[in-house]
Amino acid sequence: MAKMTMVQALNLALRQEMENDDRVIVLGEDVGVDGGVFRVTDGLIEQFGDQRALDTPLAESGIVGMSIGMAVYGLLPVCEIQFSGFSYLNFHQLESHAARLRWRTQGQITVPMVLRTPYGGGVRALEHHSESREVFYAHIPGLKMVIPSGPRNARALLVSAIRDPDPVIFFEGKAIYRAFREEVPEEAETMPIGKAKIVREGKDLTMISYGAMMRPTLDAALELKEKDGVEAEVIDLLTISPLDDTVFVESVTKTGRAMVIHEAPRSFGPGAEIVSRLMEKAFYYLEAPIARVTGFDVTIPLFSRENAYLPGVHRITAAARKTLST
Amino acid sequence: MARAFKLPDLGEGIHEGEVLAVLVSVGHKVKEGDLILEVETDKAAVEIPSPYTGSVKEILVKPGDTVKVGDVLMTFSNGVEAEPVEAERRMEKPAEAPDEKRAVEKPPEKAKQPVSETRTPTAGGPVPASPSTRRLARELGVDLRLITASGPAGLVTAEDVRAFAEEGKQALALPVAPEVKPSEVKPISIPVPSLPDFTRWGPVERIPVRSIRKATAKQMALAWSQIPHVHNQNMVDMTKLEAFRQKHKPEIEGKGGKLSITVFALKAVATALKTYPRFNASLNTETGEIIIKHYFHIGVAVNTEDGLIVPVIRDVDRKSITELAVELNDLVQRTRMRKATVEEMQGGTFTITNVGPMGGGFFAPIINYPEVAILGMGSSSMQPVVLDKGEKRHEIVPRLMMPIVLCIDHRVLDGADAIRFMKVIIDALEDPDELLMTMI
Amino acid sequence: MVMGELTQESEVLVIGGGPGGYAAAFRAADLGLEVTLVDMQERPGGECLFRGCIPSKTLLYLAELIRDADRAQSMGITFGHPQIDLGTIRKWKQHVIDSLADGLVTLSKKRGVQLIQGRVAFEGSDRARLYDADISHIKFRHAILATGSHPSSLKGVVFNEEGRVMDSARALELADIPETLLIYGGGYIALEMGTVYAALGSHVTLAVRSDRLLRGADPDLAAPLIRRIEKTFDTIYYNTKIATLNETKTGVDVTFDGEVEKPFQTFDRMLIAIGRTPNSKNIGLETTRVKVNERGFVEVNEQQRTSDERIYAIGDVAGGPLLAHKAFHEGKVAAEVIAGEPSAFDFRAIPSVVYTDPQVAWCGLTEEQAQKQNRSIQVERYPWKFSGRATTMDTLEGMTKMIIDPDTKRILGLGITGRNTEGMISEGVLAIEMGALAQDMALTIHPHPTLSETVGEVADIFLGGATHILPKQNKK
Amino acid sequence: MPRKKINLPYNVEYLSVLDEKGTLDEKLEPDIPEEILLNLHRAMLLGRRFDERLLSLQRQGRIGTFAPVTGQEAAQLGASVVLRPTDWFVPSFRETAAELWRGRTMESVILAFGGFSEGARSEKKLNNLPVSIPVASQILHAVGIAWAIKYRQTDDLVMTFLGDGGTSEGDFHEGMNFAGVYQAPVIFVCQNNQWAISVPRSKQTHSKTLAQKSLAYDIPGIQVDGNDVLAVYVAAHEAAQRARTGNGPTLIECVTYRMMMHTTADDPKRYRTEKEVETWRKRDPLSRFQKYLMDKGLLSDDQIEALAEEIKTEIQAAVDHAEDQMKGGVDPLDMFEHTYAELSQNLIDQKEELKKEIVAMKEKNDG
């Protein structure tokens, strides 16, 4: 097994799926000759030609609308929206059609497409390049919303997304694109969409997070273990919608304490849904209020202030200690 | 060169000790083996012999000091050889002893001068040895310059290096294997609130918690937090056994023993342990295994002025009442005088604590981690007992009754086991003949 | 990257992909560490592979062929006058470089070493900035500095692509075969390049500041080489400096300051080979705790640690003999220390080889060094005129020299001049590392007839009984 | 630094074959097989009658809101006729007549407008997309399908429809642009019916024609009399040839008129004059086509009479059939179907929740 960054792992997933199935088409702005602005589609045009790694005009709605058409015809388009901050220009295509054609036609016409897009802060970017707006998509019936947290699960989930019969929105954390490397097996590997995962076992507290926030969350768990002897159980959601509540509900019935960490704004964020599920399904096991460590309900500041906005180890451990002492 | 003598690792779980007495003074000539220090550790007072022959250069401790394993206690001079670098490496913290400073500047640590100079042999040159031998020396932390070479024209061989490293180890009585720490599984730790200032309500005195007290505190807190305890009380009719005991007391005393109830209890427990081996076990939470021990070493809680100490009697099952009576008596005496050795404190598989002599009644002892059960005995007293005479005839008679408590680790054992186990003990104690049977 | 600054984390960051750098990277990877190797070139190899050892040895081999073809005449075989096709020579040289460089890329991939092309500058003891790369920062647990060195120049002289004043790298590109070439410097690079150009037909003039060539090697070892050079080169000026230097379209005007009858001369091209300067500037070392000495070399200890606990330095930038094989070993040491192994750069003999004709090779203690340290030694020499093999090859100018400790009889140094000494010297290196006695060498059977016999026989001389030379007492 | 005109070799054609009275310009008469001509006529008549019937059903409250097509039969059918079954048909929401031509059943139309999602089910094998209500958003799907067709190297094509209002949407322009860049085999049929609800064509864009919008993307554009089925046919036929031979997309502007309201929920009197409607009624595509066919001796009044009867019963059958289904009622739990290929646990739970609710209600009503 070779160690890879998330960028390389995603590239491997695309490459292998394209090799296995000529219905897989990668399209978007700069995905061809340039190999994608983050190099995720690097080398695909050389290997598969400009019809499989398709450079499109600069029009998000066009890219997604066209992908819908391709999928309707029977291809498996994987389109890239250069930054999730620009995906609002294609929002109606997702909401009005990608998410609905299966329903509208009573299952006759389906849209097996993937929309890949980088999200999240922490890379000192300009405005519109640091948002974390997964709830927009998670809120739409008919779409699936997936956010990997590292090279290995990113590769496996992207393969699953490409093979999924429904449209999948696939968020890639810019901050972890190249931050660290993991062993990624050469042979194709998949991961079920809609299944959360316990990445660290513990008995004292349940920490629920996903995507780029998994790193500070795990670091915090480590610090809690070292400094306070607290055994936190850490859960990686991996899929935001459909949300798998079985894992964190079961965990909380064991620990009695829970916290949610995400960089999206707090109000109406994923945390709100997670907390509600816990209220519905684990209320009587709770020993303390559920903490939410999230972005604030403001536009994410430009990068001189973004570190204060993004949940960090300190904010997470502080909230954890508060929860533990109630 | 001076040689530092550090507090050696005295075995299982001992990290520090309190210096009771310094038996030598500076300039004092000592031979290897001469006693030089008396140190009280968590488990016992130990007399420490000198590892060297030479004269005492400095004494860095005084009675009352708390010293940690690895701390330098005194240094000896005899100018022959210095201890291997290995020893320096093992320092918990660089102590202030002068030779430690030198150690920090040993070659491997020293910054290189412009290579052209350092790498050409200087007069006398480097110690001749093959690259692999030099690597081995680094692995074992041996300074080649200290080795007497066996090879041609002073060539140091791999064998020379190994031999030297061995001596070094022995000289320092350093453990080859790392010590086994009790697994530190913490419970949900809610930060311990700091204490209020008690002087606000009146005068107070502060006594440092040390050695035995500290050890007991740690051991008990660990046991109590880790082991879900279940207590089973019962009464034993000691009337027959007490008669038996009084009858044989003198002859045992003749043999230098003391025929206490505990002696019989030892025997009874050994029998029960053989019948129900699960009581003679430990739980390994990491591997999720129950470790059953095929030896029966039973600890007996002894109350000393310094606190509670639990010396262990080995192979109780293979010893006669008389032997036990003698051994227990001797062990208790020595323990009270703090003369019992560390080894005699270790390896117990079950513990008996008898508060009877002090007039204790029912009580709930804490299991001696990592054991899984403990037997507590109270003081016997005459009590009215209803005897069943058959044909619905009952009779109230005075009998000598003793309260006993068996505490078990519910992770390993259940109440049912406890009751069966107690049954064996009760039967044995109530019927001396039965007990004697087990001795043959 | 069009937007934002991506940071990558790495257990071991190796800066510089030369022999030291890639040796360190590979060893670290083999020890299970996660390694990122950054170099300004697309492929590993560094100066040695692209602009040093490898290309120069490729050309020196051709020079050797030319000379052998010429020598053959006196032995009865006559080849025509060599036809030199610079284009093909350059292609061949490039082919050699490519095949080796591609090999290194494959080795990196297979080992999971991540190769990044870019320029690195430290921003502290745990992070570095990358320029001209896809990621902008690397956060590292350990860094191995292997940035190497570059050819030194004269005040005010800048080497540029088309210039007629060249450094060794430029000279190896063989832009043309200058009618006249001035080489300034007396080290092995100067001598090797001179040998190449002379063989290709240039008229080579050599100017050197000191009164001798090849300092570092004992004079008696250098002598045969110098005798040869005096034939193949036009002139050699000792104790001579360059006073003025003026590059024109047609040539280089030089005024010499020293033992020169014509102080003002013009040459088609000039090669400056007066040493190398460590690459320790403009890499942000000031943001770390790394100490650099007055000569620009990074200070390290036996474990290649700098004064910054996270940062190690190896190869040229860490000082010592600027040799690839020394860098190899330092690289491995650094990697092993990082992996927690008790390694140290602990060597008794680092071999030096000058690939001229004749070749000069030496290791361990030299006679001169012993004198400086006024250390008592015994020196034995074996002139090759007594060697059967040397005679068959008509290379009688050669000589094998052994430095021995008179008390312990231990071999302290070995020096050889002649043909194929590059292969022979290793026996001396092993002997010294093993702490072998002269007797060990003498009692070791050497194949006959070979040049390596001379190493055994020089030890015999020391013991008083070489087969092909009369014992001392019988002399005079 | 010159400043000069760039001469783009470009112009917008206008085509009309039959005049308002239905008199033919022989030079331009296309050669269409009789059979097709008659089928086309039947489809136009069916479209007209079905529209009328839907309106009456709506007015009686038997179905919900719908968008009438009357007046635009020539525009949408004249174009659709050139399609093969393997071609793709991507409608907007005012192509009912063309949808029927493409194989959609009248029942399904009635069901859809009757509020039954079953009505929107469009059989995959028909290669039709369902109506797309967000204006112009379907155009991009057509381009995507067309790209895929090209990728698969068949000579099929895609025909998509929009209105004059649609040309103001971004998706229209992105679609035209993508199609131009990829030379995708797609035909954009713009039914310029003069009104986007209450906004007249003149306020929709400053351009003289809608066809000229194609100039920006350098694809052929043509304006035709959208009430002249032959003109529409000719333009569509040429466009189809172009697409099938790898020569890319075409924009066809069919100048026509929305004779009825925007939807049955709308009252045109608020924004347009009866007079304007009258002038367009004179240009009715159906009667013009019928005159042409009669002149050619392919059709007689009696035949039209008979055909009308036939169609009437056909429609009645569909209405009865659809209404039976609707009376049958629905199972609300079906709403959970077809959101995803498989129900997530969350949806299973919610479905269960609704089921309990329904049962409870029943018991309440029964008890």
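This is a predicted model: local features need pLDDT of at least 70, side-chain atom pairs count only at pLDDT 80 or more; totals for chains, interfaces and linings use all residues.
## Contact between chains D and A

Chain D gives 34 residues to its contact with chain A, and chain A gives 33 residues. On the chain D side, two elements supply two or more residues: α5 (137-151) and α6 (170-182). The largest share comes from α5(D), with 11 residues.

## Chain B overall

Chain B carries 11 helices and 19 strands. Its length is 440 residues, of which 32% count as buried.

Now take the contacts in chain B with a separation of 6 or more. Of these, 64% join residues 24 or more positions apart.

## B:Ile309

B:Ile309 sits in strand β14 of chain B, which covers residues 307-309. This residue counts as buried because 24 C-beta neighbours lie inside 10 Å, and the cut-off is 20 or more.

Which residues touch B:Ile309, once neighbours within four places in sequence are left aside? They are B:Ile212, B:Val302, B:Thr304 and B:Thr335. A further pairing is by C-alpha distance: B:Ile309 and B:Met345 are 36 residues apart along the chain, and their C-alpha atoms are separated by 8.0 Å.

## Helix packing in chain A

Helix α8 (residues 214-228) of chain A packs on helix α12 (residues 313-324) of chain A. The angle is about 55°, and the axes are 9 Å apart. α8(A) is therefore oblique to α12(A). The crossing of α8(A) past α12(A) is right-handed.

From α8(A), the residues in this contact are A:Pro216, A:Thr217, A:Asp219, A:Ala220, A:Glu223, A:Leu224 and A:Asp228. They meet A:Val313, A:Ile316, A:Thr317, A:Ala320 and A:Arg321 of α12(A). By class, the contact of these helices has 6 nonpolar, 2 polar and 4 charged residues. Residues three or four places apart on an α-helix point the same way, because there are 3.6 residues a turn.

## Helix α1 of chain D

Helix α1 of chain D runs over residues 34-59 and has 26 residues. From first C-alpha to last, α1(D) reaches 38 Å. That is close to the 38 Å expected at 1.5 Å a residue.

How values were computed
Residues are numbered from 1 along each chain as its sequence is written. Chains are lettered from A and ligands numbered from 1 in the order in which they are written. Two residues are in contact if their C-beta atoms, placed from the backbone, lie within 7 Å. Helices (H or I, at least four residues) and strands (E, at least two) are DSSP runs, numbered from the N terminus. A residue is buried if 20 or more other C-beta atoms lie within 10 Å of its own, exposed if 12 or fewer, and partly exposed in between; C-beta atoms are placed from the backbone. Axes are lines fitted to C-alpha atoms, for helices over the stretch in contact, and angles run from 0 to 180 degrees between N-to-C directions. Angles under 35 degrees count as roughly parallel, over 145 as roughly antiparallel, 65 to 115 as roughly perpendicular and the rest as oblique. A crossing is left-handed if the near helix is turned anticlockwise from the far one by less than a right angle, and right-handed if clockwise. Ala, Val, Leu, Ile, Met, Phe, Trp, Tyr, Cys and Pro count as nonpolar, Asp, Glu, Lys and Arg as charged, and the others, Gly among them, as polar. The expected span of a helix is 1.5 Å times one less than its number of residues.
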